[in-house]
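This report describes a protein chain from its overall make-up down to single residues. The sequence and the structure are shown first.

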Amino acid sequence: SYQRYNSLDTSFLYTQSNDRTQQEFSHNFTLGFDYFLSDNTTLTASGLYNVGEGVSKVRTTYNDFDENEDLSRVVVRNEREKEDEENIEASLNLKRTFDRKGQLLTADFKWIKSVDDESTDYRESINDGPDSLQQSINFADEINWLFQADYSHPVGQQGKVEAGIKTATRIINNDFGLEAQDPVSSAWISISQFTNNLVYTERIHAAYLMANNSYGKFSVQAGMRAELTDISTELKASDLTNVQNYFNVFPSAGLSYKFQENKTLQLSYSYRINRPDFRDLLPFSDFRDPRVLFGGNPNLRPVYTNSVETGYLFDWENGSILSNIYYRHRRNVVERITTEPDSAGRSRVVPINLSEENAYGVEFNLSLNVQNWWKLNSSANFYRAMTQGVYEGDVLESDTYTWTSRTTSKMTFFRTVDFQASFNYRAPRVTPQGKNLSIYTVDLGLSKDILKGKGTITANVRDLLNSRKRRAIVDTEDYYSNSTFQWRSRQFSVTFTYRLNKAKVRQKTNP
């Protein structure tokens with residue numbers, strides 16, 4: 001990456017490169033059984049245990065330049081992170097069918113406990129000088145409880161009414177600490193501003209009711225979901241608590257008209273919610289890059305979206321195509337804002353509820369059986385998005401025209417060999433502080449059934465062209481950054497699956 005900053009108080013220019021290696025090792029154990037309480041009632045119990053560990057090593061090199069753009073110093077930072085994970089899941093499912101077709105009652109209970117402990121050592125040197133040392137911990141324990149019940153009841157010849165309730169609780173205890181070694185006494189000194197304990201508690205209670213039916217050439221669907229949300233984030237060391245309580249009702253409706261047997265017009269409306277991810281609420285920083293620190297925001301609010309779509313569906317014997325025109329309005333849109341660097345050259349990246357967004361566009365989805373051994377699926381979304389918000393008195397806005405696409409091709413040869421290829425592309429997008437550049441990937445997979453269908457051997461290559469790189473530009477009045485980030489490089493894997501009690505069931509295809 002390339003960073004440049006100029007102001008009356010501070011100026012700097014540097015380039016940064018990263019080299020990462022990562023090793024992971026894990027085990028999965030699963031167990032389940034079905035108990036038939038009666039001819040119409042089944043109880044299913046299952047459990048999962050996963051344990052794993054990994055080591056990640058990162059070498060970061062900073063080349064600092066003076067005001068004449070001559071190399072003034074080289075800073076090398078080495079990081080070694082050890083991660084231990086454990087995950088335990090237990091679930092119960094009750095399923096009750098009735099004599100009437102389409103009438104169904106289900107109830108689900110799930111309990112999940114997971115542990116993700118990370119400890120990291122940092123060594124940093126300037127111009128091959130003595131190392132300065134830091135170490136950090138990030139220990140996270142998470143417990144989830146979930147209960148859900150759903151009931152479906154047929155109405156008339158083609159109609160159906162569905163209702164359900166759901167309650168979910170999520171509790172995360174996250175300890176984070178950063179220490180630095182004193183170069184004189186060699187004692188470890190805690191850095192209080194980056195040491196704390198966060199307790200995140202989320203409780204969501206919901207109920208829904210949906211109904212659909214057909215009247216001649218018309219089909220109608222309507223529904224409503226009500227949610228009560230209770231979220232709290234508590235920082236133990238600093239005795240700070242943030243509580244969010246809100247109640248929302250989310251309606252949805254759809255209408256379709258089949259004016260010919262294979263041609264249908266559609267119109268729909270929905271109101272949705274998207275809550276922030278836990279990592280975006282965590283106010284601690286990621287110290288992989290001490291010059292650009294990422295910290296979450298415990299005050300983030302959920303994003304709400306109103307969406308109106310109208311579409312046309314055309315299907316024929318070997319495929320279908322669906323085209324949609326849509327308008328979407330989002331409020332509390334979350335953007336990651338890069339702050340101007342301080343006197344030491346450190347900037348921060350923080351997610352905030354920046355703006356409102358208005359977007360409209362057109363979507364296409366194609367499903368095609370080219371031959372009975374070759375299936376092709378492709379989608380594209382072309383849209384314009386306009387955002388505007390205010391951060392610390394500055395108006396931040398963007399107006400972008402962009403598009404995304406995805407194509408998947410699956411071929412079957414000799415009835416036992418499957419070949420799949422997928423291509424994804426995301427065009428450049430203007431952001432309130434700069435631009436996200438394009439990204440594209442190609443994935444391939446090949447599988448063959450062996451041992452009379454009881455076994456399958458699969459080979460995959462992800463990111464064939466090694467192009468899955470996130471490239472971003474931040475360009476403000478005083479600050480410019482051009483960065484490229486690749487989380488995982490090209491990967492190749494071979495797996496073998498053996499079915500103990502049955503062979504693989506395949507759809508009929510020509511050789």
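Helices (H or I, at least four residues) and strands (E, at least two) are DSSP runs, numbered from the N terminus. The model is predicted: local features need pLDDT of at least 70, side-chain atom pairs count only at pLDDT 80 or more, and totals for chains, interfaces and linings use all residues. Residues are numbered from 1 along each chain as its sequence is written, and side-chain values use heavy atoms, with hydrogens and water left out.

**The chain as a whole**

The chain contains 1 helix and 27 strands. Its C-alpha trace spans about 80 × 55 × 50 Å along the principal axes. Accessible areas come from the Shrake-Rupley method with a 1.4 Å probe, and for residues only the protein chains shown count as cover. The accessible surface of the chain is about 30000 Å², and carbon and sulfur atoms account for 53% of that surface. A residue is called buried under 20% relative accessible area, exposed over 50%, and partly exposed in between (1.4 Å probe, protein chains only). Of the 511 residues in the chain, 35% are buried.

Contact means heavy atoms within 4.5 Å. Among contacts between residues at least 6 apart in sequence, 60% join residues at least 24 apart.

For charges, Lys and Arg count as positive and Asp and Glu as negative, while His and the chain ends are not counted. The place of a charge is taken as NZ of Lys, CZ of Arg, CG of Asp or CD of Glu. The chain has 59 positive and 64 negative charges, and their mean positions are 12 Å apart.

**Surface patches**

Patches are made of residues with over 30% relative accessible area and no salt bridge; like charges are joined within 9 Å, and nonpolar side chains (Val, Leu, Ile, Met, Phe, Trp, Tyr) within 5 Å. A salt bridge is a side-chain nitrogen of Lys or Arg within 4 Å of a carboxyl oxygen of Asp or Glu.

A nonpolar surface patch consists of Leu-92, Phe-109, Ile-143, Trp-145, Phe-147, Ile-165 and Ile-171, with about 580 Å² of accessible area together. Strands β6 (132–155) and β7 (159–181) each supply at least two residues of this patch, and β6 gives the most, with 3 residues. Phe-109 lies in strand β5 (residues 104–126) and counts as partly exposed because its relative accessibility is 32%.

A negative surface patch is made up of Asp-66, Glu-67, Glu-69 and Asp-70. Glu-67 sits in the loop between β3 (41–65) and β4 (71–97), and its relative accessibility of 80% makes Glu-67 exposed.

Gly-311 belongs to strand β15 (residues 303–316) and is buried, at 7% relative accessible area. Lys-435 is in strand β22 (residues 434–436) and is partly exposed, at 35% relative accessibility. Ser-214 is in strand β9 (residues 196–215) and is partly exposed, with a relative accessible area of 22%.

The table lists C-alpha to C-alpha distances for these residues.

| Pair | Apart in sequence | Apart in space |
|---|---|---|
| Gly-311 and Glu-363 | 52 residues | 9.0 Å |
| Lys-435 and Tyr-326 | 109 residues | 24 Å |
| Ser-214 and Tyr-122 | 92 residues | 64 Å |

The contacts below leave aside neighbours within four places in sequence. Gly-311 touches Thr-264, Leu-265, Gln-266, Ser-323 and Asn-324 on that basis. Lys-435 is in contact with Pro-428, Arg-429, Val-430, Arg-471, Ala-472 and Ile-473, again beyond four places in sequence. With the neighbours within four places left out, Ser-214 contacts Gln-158 and Ser-219.
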